[in-house]
Each structure stands twice: as C-alpha cells, then as structure tokens.
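I opened my notebook today to get to know a structure that is new to me. Come along, and I will jot down what I look up as I go.

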Amino acid sequence: MAAIETTALTKRFGEDVLAVDSVDLSVEEGEIFGFLGPNGAGKSTTINVLLDFVRPTEGTVRVLGLDAQADTDEIRRRIGVLPEGASVYDRLTGREHLRWVIETKDADDDPTALLERVGLGHDGDRPAGGYSKGMTQRLGFAMALAGDPDLLLLDEPSSGLDPTGMQEMREIIRAKADDGTTVFFSSHVLGEVEAVCDRIGIMNEGRLVATGTPDALKGDLDLGAPITLEVDAVPADLDLEAIAGVRSVAVDGTTITATCVDPSVKADVVCTVADATAVTDVLSEDVSLEELFNTYTNGGHPDAETPSEASA
Amino acid sequence: MSTLDVARKDFLDVRRAKIVWFVGALYVVFMALLVYFGQYGVSEPNVRDALWNLTAVGALFIPLIALVTAYLAIAGERESGAIKYLLSIPNSRRDVVLGKFLTRTVVVSASIAVAFLVGGALALALYPSPAMDVIAIMAALTLLYALTYVAVAIGISAATDSRSRAMGGSIAFFFVTSVLNVLGPLQLAIDYLANDLAGLEISSEQILFVQSLISPTTAYVNSTGLAFPDGFRTIPEELPWFLAGEVMVVVMLAWLVVPLALGTVWFGRADL
C-alpha cells in the first residue's frame with residue numbers, strides 16, 4: 001500500500017490560478033521521499049490537500065490508504081506534521097505544546113524525552129513566544145514526532161535551522177525511517193534532499209515533472225560527467241575533444257573543464273593533459289542535484305526536453 | 001472528545017491574555033460603582049434602579065467584552081498559521097469552532113458571574129430590600145446576552161482569514177446592532193424601509209420586534225421585563241405577545257445558535 005497516493009490531483013484558486021495541475025504522486029511505505037521545487041511550484045498546496053487544509057478541485061487523494069477528505073480524524077491520529085511557517089502559541093511553553101499534542105493523539109510519549117530529542121531540553125518550560133526561529137522549528141518537529149506516527153509530513157523542515165540543527169534533524173529522520181516510518185518532506189535545499197532521500201519528486205509550475213531515485217534521475221537525463229583540471233599553463237595544441245567520449249571542453253584561464261559521456265573517460269582526459277603540461281589539481285564531480293533540478297525546472301537548460309518518469 | 005481537547009488547550013492560552021481579563025474587570029467595577037452609588041445619598045434606595053442603569057451600561061459594554069474575548073479565536077490562528085498545528089492532530093474543524101466557543105464562554109461567564117456576585121453582596125449589605133430574585137434573573141439574562149455576542153464573534157472569526165477582517169466584521173456588527181441601535185438610527189431605518197419605502201404600515205411595536213431580530217441588544221433590553229415589574233421605568237404595562245420577555249429569550253437563543261452554525265459551515269468549507 002502506498003503511504004501517499006494522489007490521482008489526477010488538481011487545485012485551482014479562483015478562475016485563473018492553477019496551483020496544482022493533475023498530479024499523480026505515489027509515496028511508498030517506509031521510504032524517505034523528498035519533494036522538491038522552486039517557490040510557488042505547488043508543493044505547499046499539494047501538502048495542504050494531503051492534510052485537508054485545502055480541498056482539491058479534481059482528483060483523489062489517499063493518505064495511509066484512507067480518504068484525505070473523509071477520514072481526517074484517523075489520518076491525523078497516525079501522522080506527524082511540521083507545517084511550513086506556522087507560528088506556535090506564544091503564551092504556552094514548549095512542554096505545554098507537547099502535552100497538548102500527546103493528549104489529543106491519545107499517545108503516551110514523555111514530553112521531556114521529546115524535548116531532549118530535538119535539543120530543547122533546557123527550554124521546555126519557557127513560553128514559546130520567546131523562542132528563536134530555529135527553536136520554534138525544533139518544537140514543531142517534536143510535536144510532529146509525538147505519538148510515533150506512521151507518516152511524517154515535513155514542510156520545509158530545515159527553514160530557520162542552523163547547519164547543526166539540520167544535521168540533527170536529518171539523523172532523527174533517518175532513525176525514524178529505519179523504524180519503518182514513511183517520511184515525506186518538501187524542500188528547496190537540494191543538498192539536504194540528496195543527503196537523506198530514497199526518492200525525490202520535482203514539482204514545477206503545478207506539475208510533477210519527475211520522480212525517481214536521485215541516481216535514476218541523473219542517469220535518465222544524461223547530463224554527463226564533468227572533470228576539472230588546474231594546470232600551470234594550457235598548451236595551445238591540446239585537443240581534448242579528440243578523445244572518444246569527451247562531449248565538450250571549456251577553458252577558463254588555467255582551468256580546463258571537460259564533460260564526458262561516461263565517468264570512465266575521465267582517466268583518459270587526465271592522462272592526456274598530464275602528458276602535455278603540469279597538472280596542479282584534479283577535481284572530479286558527480287552530477288549535482290542542483291543541475292538536475294535546474295534542468296527539470298528549466299532554470300539552467302532552456303532546451304531540456306520534457307522528462308518522463310525515471311524508473312526507480 | 002476533541003472539542004474538549006481544543007478547549008483545554010485554548011483555555012490555557014486565553015487565560016494568559018491580559019486584555020481579556022482587563023475588559024472583564026472593567027465590567028465588575030461598573031457593577032460595583034452602580035450598585036454603590038445607587039444608594040449613596042438616596043433616602044429609600046431601590047436595587048432595581050441600580051440594575052436598570054446597569055442594563056443601559058451593559059447593553060453597550062457586554063458586546064465589547066464578548067467581542068474582544070472571542071473575535072481572534074480562529075481568525076488570529078489562521079493568520080499566524082497556528083491553526084495548522086491545531087488541525088494536524090485529531091481535531092475536526094467543528095471541534096475547533098465549538099471548543100473555542102466553549103473557552104470564550106467560560107471566560108466571559110466568569111467576569112459576569114463575578115460582577116453579579118459582587119453586585120449581589122453589595123446589595124445585601126447596603127439596600128433595605130435587596131431583591132435577590134431580580135438580581136438573579138438579570139444575571140441569567142445578561143449572561144445569555146453576552147453569549148449571543150460570543151457566538152457572533154466566533155462565527156465572524158470562523159468566517160474570516162485574518163485579524164483585520166475579523167476585527168472589521170466585529171466592529172461593524174457591534175456598531176450596527178449595538179451603537180446605532182441604542183442611539184436610535186436602527187429603529188428609524190426599519191421604519192423607513194418598511195413603512196415609507198415598502199408601504200407595509202407596520203406598528204411601532206412590530207418595528208421593535210424586527211429590531212430585536214436584527215439586534216441581540218434590543219432583545220436583551222426587551223427581555224428585562226422578566227426581571228422588573230410591569231410599568232417600571234420605561235417598561236409598558238401591556239405588551240403584545242411577540243415582545244414578551246420569553247419571546248425575547250428565544251430570539252437570543254437563536255442568536256446563540258445561528259452564528260455558531262453558520263461559522264461551522266463556513267469554516268468547514270474554507271481553504272486554509
């Protein structure tokens with residue numbers, strides 16, 4: 001059974017705003033799914049439909065096999081949510097927030113343990129109105145974890161967190177996933193998604209333009225494997241494009257960047273350059289998710305074809 | 001019961017809001033002053049006079065207490081986004097409307113109860129015949145009146161998505177049903193529309209009935225016939241059945257139920 005399943009999900013606001021355009025999304029049980037897209041791509045609207053904050057114009061939505069509109073009570077019992085940009089209750093302490101969520105969910109968590117888990121061990125008895133943005137986000141995360149949910153829905157979870165906070169949150173997310181919890185989170189921070197996700201989906205202008213594992217998507221796009229060499233001086237007669245498998249070469253001062261169709265060609269490039277001049281540094285990069293993301297959202301490659309579903 | 005889960009948390013929150021206790025305390029002070037000065041330097045003081053004056057003050061002041069206490073209950077959380085936490089755990093939207101109504105009711109009831117306890121104690125101490133039955137009936141009617149405005153404020157709060165709209169709606173409602181009503185223009189407007197424009201030729205008593213349908217304040221003022229004897233001050237000796245105190249209580253009950261029902265429906269349909 002899929003933890004999240006939308007079929008032809010469409011949401012219009014008024015006559016002319018098409019926020020989500022016939023999205024078919026499927027998130028399997030137990031996986032960590034990263035939901036990517038630029039601001040305004042329709043990520044939050046999609047999440048709001050999953051939570052019944054917003055009603056779909058067309059299409060069906062099932063969460064944990066239940067109808068997202070009809071079975072809200074049962075769904076809310078079994079999910080944990082970190083909403084985006086939601087303020088907490090200024091006049092309540094962190095501990096009171098957690099006690100309230102735990103009681104409403106009929107769970108038996110220990111608020112102190114949850115506070116410590118998210119790094120708020122010393123701030124639980126202060127009113128949340130005095131929390132920093134990062135602390136508020138940690139409190140929201142603790143509220144999402146209460147009741148050991150089957151599905152964690154995190155909307156831009158890292159916003160407001162410092163790098164340490166992001167690292168700690170990633171560790172908790174991984175630990176929950178190892179216990180069998182499905183994790184669905186949206187982000188525009190690409191590194192974070194690449195570091196933790198089993199699969200990703202990319203939204204752009206209301207459409208789900210790609211889904212698959214990061215590797216499958218990269219392979220599917222055939223972006224090539226870049227290698228960068230720092231040299232003392234670029235030889236005039238260097239003809240790297242003559243090497244079989246080199247797609248393009250760019251020279252900028254003493255920096256040579258060759259894009260190969262296959263990573264195995266990189267060694268040939270290094271050997272050829274090293275024969276001609278002194279190499280001071282070699283930088284071999286994987287295709288970055290950022291490049292992938294730009295391709296799908298037409299941020300970097302205007303001629304990108306409409307990509308199809310990549311096999312996971 | 002999720003309604004109670006919502007209410008328990010909301011009470012924890014709202015009882016720490018100072019403005020709510022401030023307006024409540026102000027009403028208690030009004031009550032104490034009116035009861036005290038009602039007998040000060042008067043040879044044969046009657047507690048009914050003090051309560052009558054309190055009705056006039058309360059007609060304008062009670063709606064303010066109720067609106068201030070309740071107008072942000074839902075709209076404020078929609079604007080801040082906290083509503084998303086509230087609805088991410090097993091609470092339905094109806095639970096939110098009813099739970100919020102419950103807590104704001106408790107807060108408003110508390111200040112009215114304290115005011116009448118203080119007023120009652122002062123009446124016992126200072127008046128030759130304290131007429132506790134009149135005080136009790138007035139307390140009940142005033143409470144019901146306050147709750148109609150709590151229901152209206154919750155209804156408006158459920159139907160709006162920001163603090164400013166909730167405030168605008170509440171002030172507009174207060175202005176039409178309370179200020180314009182007490183000062184007279186509401187009655188003149190009904191007279192003009194029904195008699196001059198539509199040519200219905202309805203009597204001034206019928207106008208008063210229409211007025212009480214439009215304004216809980218009119219219904220409250222007319223309902224005080226239940227507490228005071230016929231002919232007391234401006235209360236007429238003879239009233240048509242549709243202006244009887246009991247009918248006014250029914251009108252107020254409708255003002256309690258209808259705004260809550262509408263608010264629940266609106267909020268239930270809204271995209272948050």
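Predicted model: local features only at pLDDT ≥ 70, side-chain atom pairs only at ≥ 80, totals over all residues.

Residues 101–128 of chain B are 93% helix and 0% strand, and the C-alpha atoms at the ends lie 40 Å apart. For residues 241–267 of chain B I got 85% helix, 0% strand and 37 Å between the end C-alpha atoms.

**Entry 1: chain A as a whole.** I turned to chain A and counted ten helices and 14 strands. Its C-alpha trace spans about 75 × 45 × 35 Å along the principal axes. Chain A has 312 residues, and 42% of them count as buried. I also looked at contacts in chain A between residues at least 6 apart in sequence: 68% of these join residues at least 24 apart.

How is chain A divided into domains? The assignment gives domain 1 at 2–218 and domain 2 at 224–286. I found 43 Å between the centres of these two domains of chain A, taken over C-alpha atoms.

**Entry 2: where the chains meet.** Next I looked up the contact, which takes 24 residues from chain A and 20 residues from chain B. On the chain A side, helix 2 (72–78) and helix 3 (94–104) each supply at least two residues. Helix 3 of chain A gives the most, with five residues. I sorted the chain A residues that touch chain B and got twelve nonpolar, four polar and eight charged.

**Entry 3: the cores.** Which residues have the most contacts inside the largest nonpolar core? I listed Ala142(A), Phe184(A), Ala66(B), Ala146(B), Val150(B), Ala153(B) and Ile154(B), in a core of 141 residues. Helix 7 of chain B (residues 132–159) contributes the largest share of this core, 16 residues.

Leaving out residues up to four places away in sequence, Val150(B) touches Ala66(B), Thr69(B), Ala70(B), Phe101(B), Arg104(B), Thr105(B) and Val108(B). Last, I noted a second, separate core of eleven residues, including Ala225(A), Leu229(A), Ile256(A) and Val265(A).

Note on methods:
Residues numbered from 1 in each chain as written. Chains lettered and ligands numbered in written order. Core = buried A, V, L, I, M, F, W, Y, C linked by C-beta atoms within 7 Å. Buried ≥ 20, exposed ≤ 12 C-beta atoms within 10 Å, placed from the backbone. Helix = DSSP H or I, 4+ residues; strand = E, 2+ residues; numbered from the N terminus. Contact = placed C-beta atoms within 7 Å. Nonpolar A, V, L, I, M, F, W, Y, C, P; charged D, E, K, R; others polar. Domains from an automatic or database assignment.
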